[in-house]
Amino acid sequence: MIIFLRSTGCEWVEKTGGCTMCGFYCATSRGREISAEEYIAQFEYVMDAVDIGDYPVISIYNDGNIFNEREMPVAAIEKICSYIDGYENIKKVVVESRIDYSPDEHVAKMKKALNGRQLEVAFGFESADPQVMNLCINKGFSANNFGHFHSRMQGMGVLTKPLLLVKPPFLTEAEAVNDVLQTVSYCVSRGIDYVDLEVTTVEKHTVVHELWKNNLYRPPWLWSLIDLLQKCRERFGDHAHVYVSPWTYSVESLDWARNCGECDAEIVKAIERYNCHFDLAVFEDLDCSCRDDGWKEAIAVEDPRPIPERISEQLAYVQNTRLSSA
(Lines give C-alpha, C1' and ligand atoms only; values in the text may rest on other atoms or scores of the structure.)
Protein backbone atom coordinates (compact mmCIF):
# COMPACT_ATOMS: atom_id res chain seq x y z
CA MET A 1 0.00 0.00 0.00
CA ILE A 2 1.33 3.42 -0.95
CA ILE A 3 0.41 6.42 1.18
CA PHE A 4 1.19 9.95 -0.02
CA LEU A 5 1.31 12.59 2.72
CA ARG A 6 1.04 16.22 1.69
CA SER A 7 4.25 17.82 2.90
CA THR A 8 6.18 21.06 3.13
CA GLY A 9 8.00 20.19 -0.10
CA CYS A 10 11.44 19.01 -1.12
CA GLU A 11 14.20 21.29 0.14
CA TRP A 12 16.30 20.48 -2.96
CA VAL A 13 13.66 22.26 -5.08
CA GLU A 14 13.85 25.36 -2.93
CA LYS A 15 17.66 25.38 -2.99
CA THR A 16 18.33 24.59 -6.65
CA GLY A 17 15.07 24.38 -8.60
CA GLY A 18 15.00 20.63 -8.14
CA CYS A 19 15.53 17.67 -10.43
CA THR A 20 14.78 18.31 -14.10
CA MET A 21 11.94 15.76 -14.36
CA CYS A 22 10.29 16.07 -10.95
CA GLY A 23 7.03 17.97 -10.57
CA PHE A 24 6.19 16.61 -7.10
CA TYR A 25 6.65 20.03 -5.50
CA CYS A 26 3.30 20.98 -7.03
CA ALA A 27 1.59 18.40 -4.78
CA THR A 28 3.03 19.91 -1.59
CA SER A 29 2.32 23.04 0.42
CA ARG A 30 5.21 24.66 -1.51
CA GLY A 31 7.22 25.73 1.50
CA ARG A 32 4.49 26.28 4.10
CA GLU A 33 5.51 24.33 7.16
CA ILE A 34 3.44 21.22 7.83
CA SER A 35 3.40 20.49 11.55
CA ALA A 36 3.88 17.10 13.17
CA GLU A 37 0.22 17.22 14.22
CA GLU A 38 -0.88 17.78 10.62
CA TYR A 39 1.18 14.84 9.37
CA ILE A 40 -0.23 12.62 12.11
CA ALA A 41 -3.78 13.74 11.28
CA GLN A 42 -3.22 12.78 7.62
CA PHE A 43 -2.09 9.29 8.62
CA GLU A 44 -5.05 8.92 11.00
CA TYR A 45 -7.33 9.82 8.10
CA VAL A 46 -5.82 6.97 6.08
CA MET A 47 -6.29 4.54 8.97
CA ASP A 48 -9.94 5.55 9.22
CA ALA A 49 -10.47 5.08 5.49
CA VAL A 50 -8.55 1.82 4.90
CA ASP A 51 -7.57 -1.18 7.02
CA ILE A 52 -3.82 -0.85 6.60
CA GLY A 53 -3.44 -4.12 8.47
CA ASP A 54 -4.44 -5.88 5.24
CA TYR A 55 -1.09 -4.90 3.69
CA PRO A 56 2.21 -6.54 4.70
CA VAL A 57 4.21 -3.74 3.03
CA ILE A 58 3.40 -0.06 3.60
CA SER A 59 5.11 2.70 1.59
CA ILE A 60 4.95 6.19 3.08
CA TYR A 61 5.96 9.03 0.77
CA ASN A 62 5.92 12.78 1.37
CA ASP A 63 6.89 13.92 -2.16
CA GLY A 64 10.26 14.82 -0.73
CA ASN A 65 12.60 13.54 1.94
CA ILE A 66 11.08 11.83 4.94
CA PHE A 67 14.28 12.08 6.99
CA ASN A 68 14.75 15.80 6.45
CA GLU A 69 13.63 17.41 9.71
CA ARG A 70 12.63 20.59 7.85
CA GLU A 71 10.28 18.58 5.64
CA MET A 72 8.92 16.10 8.20
CA PRO A 73 9.38 16.32 11.98
CA VAL A 74 10.83 13.26 13.70
CA ALA A 75 7.93 13.39 16.16
CA ALA A 76 5.53 12.73 13.28
CA ILE A 77 7.58 9.76 12.08
CA GLU A 78 7.70 8.23 15.55
CA LYS A 79 3.96 8.64 16.11
CA ILE A 80 3.10 7.15 12.72
CA CYS A 81 5.40 4.21 13.47
CA SER A 82 3.65 3.68 16.81
CA TYR A 83 0.38 3.34 14.89
CA ILE A 84 1.98 0.85 12.49
CA ASP A 85 3.23 -1.14 15.48
CA GLY A 86 -0.40 -1.87 16.28
CA TYR A 87 -0.76 -3.94 13.10
CA GLU A 88 0.89 -7.33 13.40
CA ASN A 89 0.52 -8.10 9.68
CA ILE A 90 2.70 -5.16 8.56
CA LYS A 91 6.18 -6.60 8.04
CA LYS A 92 7.99 -3.85 6.12
CA VAL A 93 7.82 -0.07 5.76
CA VAL A 94 9.27 1.72 2.73
CA VAL A 95 10.10 5.43 2.75
CA GLU A 96 11.98 7.73 0.39
CA SER A 97 14.66 10.35 0.92
CA ARG A 98 17.67 11.89 -0.75
CA ILE A 99 20.82 10.31 0.61
CA ASP A 100 22.14 13.69 1.76
CA TYR A 101 18.93 14.35 3.71
CA SER A 102 19.08 11.07 5.67
CA PRO A 103 21.09 11.54 8.88
CA ASP A 104 21.81 8.31 10.72
CA GLU A 105 20.08 9.43 13.91
CA HIS A 106 16.75 9.99 12.14
CA VAL A 107 16.94 6.67 10.34
CA ALA A 108 17.83 4.93 13.61
CA LYS A 109 14.86 6.52 15.40
CA MET A 110 12.46 5.28 12.75
CA LYS A 111 13.97 1.81 12.74
CA LYS A 112 13.62 1.63 16.52
CA ALA A 113 10.03 2.89 16.43
CA LEU A 114 9.09 0.16 13.94
CA ASN A 115 9.87 -2.37 16.65
CA GLY A 116 11.58 -5.04 14.58
CA ARG A 117 9.84 -4.50 11.25
CA GLN A 118 12.02 -4.16 8.19
CA LEU A 119 12.77 -0.59 7.09
CA GLU A 120 13.64 0.09 3.47
CA VAL A 121 14.83 3.46 2.18
CA ALA A 122 14.18 4.18 -1.50
CA PHE A 123 16.33 6.91 -2.99
CA GLY A 124 16.73 8.47 -6.41
CA PHE A 125 20.09 7.15 -7.55
CA GLU A 126 18.96 7.75 -11.16
CA SER A 127 22.26 7.06 -12.96
CA ALA A 128 25.82 5.96 -12.23
CA ASP A 129 27.05 8.34 -14.94
CA PRO A 130 28.06 11.63 -13.26
CA GLN A 131 27.19 13.72 -16.33
CA VAL A 132 23.73 12.22 -16.57
CA MET A 133 23.18 12.44 -12.83
CA ASN A 134 24.23 16.04 -12.38
CA LEU A 135 23.87 17.74 -15.78
CA CYS A 136 20.82 15.96 -17.18
CA ILE A 137 19.01 15.46 -13.86
CA ASN A 138 20.54 18.03 -11.47
CA LYS A 139 20.81 15.42 -8.72
CA GLY A 140 23.62 17.04 -6.80
CA PHE A 141 25.59 14.04 -5.58
CA SER A 142 27.86 11.30 -6.90
CA ALA A 143 28.04 7.52 -7.07
CA ASN A 144 30.65 7.78 -4.33
CA ASN A 145 28.07 9.43 -2.04
CA PHE A 146 25.74 6.54 -2.81
CA GLY A 147 28.41 4.02 -1.86
CA HIS A 148 28.84 5.61 1.58
CA PHE A 149 25.07 5.81 2.09
CA HIS A 150 24.53 2.17 1.14
CA SER A 151 27.28 1.04 3.55
CA ARG A 152 25.79 3.15 6.37
CA MET A 153 22.33 1.70 5.88
CA GLN A 154 23.67 -1.85 5.69
CA GLY A 155 25.47 -1.31 8.99
CA MET A 156 22.16 -0.23 10.56
CA GLY A 157 20.23 -3.22 9.20
CA VAL A 158 18.24 -1.01 6.81
CA LEU A 159 17.52 -2.05 3.23
CA THR A 160 18.18 0.38 0.38
CA LYS A 161 16.29 0.52 -2.90
CA PRO A 162 17.92 2.51 -5.74
CA LEU A 163 15.46 4.22 -8.06
CA LEU A 164 16.89 4.41 -11.58
CA LEU A 165 15.53 6.92 -14.06
CA VAL A 166 14.55 5.64 -17.50
CA LYS A 167 15.27 8.27 -20.15
CA PRO A 168 16.40 11.46 -18.47
CA PRO A 169 16.21 14.56 -20.68
CA PHE A 170 18.95 15.24 -23.24
CA LEU A 171 19.62 11.54 -23.96
CA THR A 172 18.68 9.62 -27.10
CA GLU A 173 16.53 6.50 -26.76
CA ALA A 174 19.53 4.19 -27.17
CA GLU A 175 21.65 6.20 -24.72
CA ALA A 176 18.86 6.01 -22.16
CA VAL A 177 18.70 2.20 -22.43
CA ASN A 178 22.47 1.89 -22.14
CA ASP A 179 22.58 4.28 -19.19
CA VAL A 180 20.17 2.09 -17.21
CA LEU A 181 22.12 -1.05 -18.10
CA GLN A 182 25.37 0.53 -16.90
CA THR A 183 23.70 1.71 -13.69
CA VAL A 184 22.21 -1.72 -12.97
CA SER A 185 25.70 -3.17 -13.52
CA TYR A 186 27.08 -0.68 -10.99
CA CYS A 187 24.42 -1.67 -8.44
CA VAL A 188 25.04 -5.40 -8.94
CA SER A 189 28.78 -4.84 -8.42
CA ARG A 190 27.90 -3.35 -5.00
CA GLY A 191 25.84 -6.36 -4.00
CA ILE A 192 22.43 -4.78 -4.69
CA ASP A 193 20.16 -7.33 -6.35
CA TYR A 194 16.91 -5.30 -6.51
CA VAL A 195 16.44 -2.04 -8.38
CA ASP A 196 13.40 -0.01 -9.27
CA LEU A 197 13.01 1.59 -12.70
CA GLU A 198 11.29 4.97 -12.50
CA VAL A 199 10.00 5.84 -15.95
CA THR A 200 10.17 9.54 -16.75
CA THR A 201 6.81 11.23 -17.14
CA VAL A 202 6.12 14.79 -18.27
CA GLU A 203 5.02 16.85 -15.27
CA LYS A 204 4.21 20.56 -15.18
CA HIS A 205 6.77 23.15 -14.09
CA THR A 206 9.79 21.01 -14.91
CA VAL A 207 12.65 21.23 -17.40
CA VAL A 208 11.29 18.07 -19.04
CA HIS A 209 7.94 19.83 -19.50
CA GLU A 210 9.58 22.78 -21.25
CA LEU A 211 11.57 20.48 -23.55
CA TRP A 212 8.46 18.40 -24.30
CA LYS A 213 6.45 21.50 -25.25
CA ASN A 214 9.17 22.32 -27.79
CA ASN A 215 9.34 18.79 -29.23
CA LEU A 216 12.77 18.27 -27.66
CA TYR A 217 11.72 15.40 -25.42
CA ARG A 218 9.64 12.24 -25.78
CA PRO A 219 9.05 9.78 -22.92
CA PRO A 220 10.55 6.33 -23.50
CA TRP A 221 8.99 3.78 -25.79
CA LEU A 222 7.36 0.80 -24.08
CA TRP A 223 9.48 -1.36 -26.38
CA SER A 224 12.55 0.19 -24.71
CA LEU A 225 11.32 -0.99 -21.32
CA ILE A 226 10.91 -4.54 -22.61
CA ASP A 227 14.31 -4.36 -24.28
CA LEU A 228 15.83 -3.18 -21.00
CA LEU A 229 14.29 -5.98 -18.97
CA GLN A 230 15.40 -8.62 -21.45
CA LYS A 231 18.96 -7.29 -21.58
CA CYS A 232 19.15 -7.12 -17.80
CA ARG A 233 18.20 -10.79 -17.58
CA GLU A 234 20.77 -11.71 -20.24
CA ARG A 235 23.58 -9.78 -18.56
CA PHE A 236 22.85 -10.19 -14.87
CA GLY A 237 20.60 -13.24 -14.53
CA ASP A 238 19.26 -13.60 -10.99
CA HIS A 239 21.80 -11.09 -9.68
CA ALA A 240 19.40 -8.26 -10.59
CA HIS A 241 15.67 -8.21 -9.97
CA VAL A 242 14.45 -5.24 -11.98
CA TYR A 243 11.03 -3.84 -11.10
CA VAL A 244 9.20 -1.29 -13.26
CA SER A 245 7.47 1.25 -11.04
CA PRO A 246 3.97 2.27 -12.18
CA TRP A 247 4.08 5.78 -13.60
CA THR A 248 1.09 7.09 -11.65
CA TYR A 249 2.17 9.64 -9.07
CA SER A 250 0.69 12.26 -6.77
CA VAL A 251 0.89 14.83 -9.57
CA GLU A 252 -0.75 14.76 -12.97
CA SER A 253 1.37 13.57 -15.89
CA LEU A 254 0.92 15.13 -19.31
CA ASP A 255 2.75 12.34 -21.16
CA TRP A 256 4.26 8.99 -20.24
CA ALA A 257 5.90 5.86 -21.67
CA ARG A 258 4.06 4.86 -24.84
CA ASN A 259 4.24 3.26 -28.26
CA CYS A 260 1.83 3.93 -31.10
CA GLY A 261 -1.35 3.86 -29.03
CA GLU A 262 -2.66 0.62 -30.52
CA CYS A 263 -0.50 -1.77 -28.48
CA ASP A 264 0.09 0.35 -25.37
CA ALA A 265 -2.57 -1.14 -23.07
CA GLU A 266 -1.55 -4.71 -23.82
CA ILE A 267 2.12 -4.01 -23.13
CA VAL A 268 1.40 -2.11 -19.90
CA LYS A 269 -0.61 -5.12 -18.66
CA ALA A 270 2.29 -7.41 -19.60
CA ILE A 271 4.69 -5.23 -17.59
CA GLU A 272 2.33 -5.45 -14.61
CA ARG A 273 2.34 -9.25 -14.89
CA TYR A 274 6.13 -9.26 -15.19
CA ASN A 275 6.43 -7.26 -11.96
CA CYS A 276 4.68 -10.03 -10.02
CA HIS A 277 7.22 -12.78 -10.75
CA PHE A 278 9.96 -11.21 -12.94
CA ASP A 279 8.94 -13.65 -15.67
CA LEU A 280 10.00 -12.48 -19.15
CA ALA A 281 7.72 -15.02 -20.79
CA VAL A 282 4.89 -12.48 -20.58
CA PHE A 283 6.55 -10.53 -23.40
CA GLU A 284 7.06 -13.43 -25.83
CA ASP A 285 3.93 -13.03 -27.96
CA LEU A 286 3.83 -9.24 -28.03
CA ASP A 287 4.26 -7.52 -31.35
CA CYS A 288 3.08 -4.49 -33.27
CA SER A 289 4.04 -2.75 -36.52
CA CYS A 290 5.34 0.21 -34.48
CA ARG A 291 8.18 -1.94 -33.22
CA ASP A 292 9.81 -1.78 -36.67
CA ASP A 293 8.27 1.43 -37.99
CA GLY A 294 8.74 3.59 -34.90
CA TRP A 295 10.84 2.17 -32.09
CA LYS A 296 13.68 0.74 -34.18
CA GLU A 297 13.98 4.09 -35.94
CA ALA A 298 14.05 5.90 -32.58
CA ILE A 299 16.64 3.56 -31.12
CA ALA A 300 18.90 4.15 -34.14
CA VAL A 301 18.94 7.95 -33.72
CA GLU A 302 22.33 9.29 -32.68
CA ASP A 303 23.39 12.67 -31.34
CA PRO A 304 27.12 13.35 -31.88
CA ARG A 305 27.13 16.42 -29.61
CA PRO A 306 28.62 16.11 -26.11
CA ILE A 307 26.00 16.23 -23.38
CA PRO A 308 26.96 19.73 -22.12
CA GLU A 309 26.61 21.09 -25.66
CA ARG A 310 23.19 19.49 -26.12
CA ILE A 311 21.95 20.89 -22.84
CA SER A 312 23.22 24.38 -23.62
CA GLU A 313 21.66 24.45 -27.09
CA GLN A 314 18.32 22.94 -26.09
CA LEU A 315 17.86 25.22 -23.09
CA ALA A 316 18.80 28.24 -25.21
CA TYR A 317 16.16 27.20 -27.75
CA VAL A 318 13.53 26.87 -25.02
CA GLN A 319 14.44 30.26 -23.60
CA ASN A 320 14.29 31.96 -26.99
CA THR A 321 10.91 30.36 -27.69
CA ARG A 322 9.52 31.62 -24.40
CA LEU A 323 10.87 35.14 -25.02
CA SER A 324 9.47 35.29 -28.54
CA SER A 325 6.01 34.22 -27.36
CA ALA A 326 5.97 36.60 -24.36
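F170 is buried, with a relative accessible area of 6%, where buried means under 20% relative accessible area, exposed over 50% and partly exposed in between (1.4 Å probe, protein chains only). This residue belongs to a predicted model, in which local features need pLDDT of at least 70 and side-chain atom pairs count only at pLDDT 80 or more, while totals for chains, interfaces and linings use all residues. Residues are numbered from 1 along each chain as its sequence is written, and side-chain values use heavy atoms, with hydrogens and water left out.

**Individual residues**

- F170 lies in the loop between strand 5 and helix 7; helices (H or I, at least four residues) and strands (E, at least two) are DSSP runs, numbered from the N terminus.
- The phi of F170 is positive, at about 80°, although F170 is not a glycine.
- D63 also has a positive phi, of about 50°, without being a glycine.
- A143 is found in helix 6 (residues 143-155) and is buried, with a relative accessible area of 17%.
- Between the C-alpha atoms of A143 and P169, which are 26 residues apart along the chain, the separation is 19 Å.

- Seven strands form an open sheet in the order 1-2-3-4-5-6-8, with parallel pairing; two strands pair if DSSP finds at least two bridges between them.
- Strand 1 (2-4) and strand 8 are the edge strands, each pairing on one side only.
- From one strand to the next, the twist averages 25°; axes are lines fitted to C-alpha atoms, for helices over the stretch in contact, and angles run from 0 to 180 degrees between N-to-C directions.

**Strand 6 and its partners**

- Five of the six residues of strand 6 (residues 194-199) are buried, and the strand is thus mostly covered.
- Strand 5 (residues 159-166) runs parallel to strand 6, and four bridges join them; here V166 stands opposite V199.
- Strand 8 (residues 241-244) is likewise parallel to strand 6 and joined to it by four bridges.
- Opposite H241 in strand 8 stands Y194, and opposite Y243 in that strand stands D196.
- Together with helix 7 (residues 173-189), strands 5 and 6 make a right-handed β-α-β unit; a crossover is right-handed if, with the strands pointing away from the viewer, the path from the first strand over the helix to the second runs clockwise.

**Pockets**

- Rolling a probe the size of a water molecule over the atoms shows where empty space is left.
- A pocket, found on a 1 Å grid over the protein atoms alone with a 1.4 Å probe, is an open set of points with protein on both sides within 12 Å along at least five of seven lines; lining residues have an atom within 4 Å of a point.
- The largest pocket has a volume of about 1100 Å³, a volume being the space filled by probe spheres set on the grid points, which are joined across faces, edges and corners.
- Its lining has 49 residues, and Y61, E96, L163, E198 and Y249 lie nearest the centre of the largest pocket.
- Strand 4 gives the largest share of that lining, five residues.
- By class, the lining of the largest pocket has 27 nonpolar, eleven polar and eleven charged residues; Ala, Val, Leu, Ile, Met, Phe, Trp, Tyr, Cys and Pro count as nonpolar, Asp, Glu, Lys and Arg as charged, and the others, Gly among them, as polar.
- The second largest pocket has a volume of about 260 Å³.
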